[in-house]
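Please look at the structure below and follow the chain through its strands and its helix as you read. Keep the view open, and find each residue when its name comes up.

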Amino acid sequence: MKTNYKYVKNMLSSDMVEFLTTYAIRKASEGKNRPDELVPLSTSFHAFHSDIFNHIIHFLQPIVEKETNLNLKPIYSFNRIYLPGSDLPIHKDRPSSEISASVTLKYFYKDKDYKWPLCMGDKPIVIEKGDGVIYKGCEIDHWRPVFSQPDGCWHHQLFVFYINKEGPFKDLEEETTQEKVDSNVELEKKLEKITNN
Ligand SMILES: [Fe+2]
């Protein structure tokens, strides 16, 4: 991928969007969500807590490989239900997110004309349901402004993360357990030291 990000239409069908959001809402109502340090006013899920959200990384892999023209290894997925007042602070991702995709699932806004962009650097991008933005998560700053809709509104977003099989992070492994997450974080610290020197 020559640019730092690209918009990709129809990464997920509307049926798949409906399926994933209803699944996440049901899991959240069962208390299967987890606190989210980056966005405290949201609720989120890591893939290893769910076979379905683990499989979605593999399901989307051929699309992301075609769009980036890279051989990829799936690392993890993550999804977040943003609530009113949430913003996403400006940040870059950890090396496990070398190639990231952010896909819009369902949302509910009281104001039907409301748009809530994901910003890549200073470029706001409104991602329609089922569409995604593929981006180099550890290279480009990304963020969202405050989700300024009233109580009762929400926005559900899916993130899938891969590394380039021929790149500097090729030894990171798919995060299927907490132990794998921890060992990736340790390896990332070492790799970042090497790539920063
Ligand atoms: Fe990020």
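Val 103 has Gly 132, in β8, as its bridge partner. This bridge belongs to the pairing of β5 with β8, which is antiparallel and runs over four bridges; two strands are said to pair if DSSP finds at least two bridges between them. The names of the elements follow DSSP runs numbered from the N terminus, where helices are H or I runs of at least four residues and strands are E runs of at least two. The model is a predicted one, in which local features need pLDDT of at least 70 and side-chain atom pairs count only at pLDDT 80 or more, while totals for chains, interfaces and linings use all residues. Residues are numbered from 1 along each chain as its sequence is written.

β8 also pairs with β1, again in the antiparallel sense and with four bridges, and here Tyr 5 stands opposite Tyr 135 of β8. In the segment before β1 (5-8) you will find Thr 3. Is Thr 3 buried or exposed? Thr 3 counts as exposed because it has 10 C-beta neighbours inside 10 Å; a residue is exposed with 12 or fewer other C-beta atoms within 10 Å of its own, buried with 20 or more, and partly exposed in between, the C-beta atoms being placed from the backbone. Although 65 residues separate Thr 3 from Thr 68 in sequence, their C-alpha atoms are 9.6 Å apart in space.

Helix α2 covers residues 51-68, and its 18 residues reach 25 Å from the first C-alpha to the last, close to the 26 Å expected at 1.5 Å a residue, a span taken as 1.5 Å times one less than the number of residues. There is a kink of about 40 degrees at Gln 61, shortly before the proline Pro 62, where the bend is the angle between axes fitted to the seven residues ending there and the seven starting there. Phe 53, Ile 56, Ile 57, Leu 60 and Val 64 of α2 are buried. An α-helix has 3.6 residues a turn, so residues three or four places apart point the same way. Among the elements that cover the buried residues of α2 are β2 (42-46), β3 (72-82) and β5 (99-108), contact being counted when C-beta atoms, placed from the backbone, lie within 7 Å. Just after α2, Asn 69 takes a positive phi of about 60 degrees.

Elsewhere, an open sheet is formed by four strands in the order β4-β9-β6-β7, with antiparallel pairing. β4 (88-91) and β7 (123-125) stand at the edges, each with a single partner strand, so one side of each has no neighbour in the sheet.

Notes
Contact = placed C-beta atoms within 7 Å.
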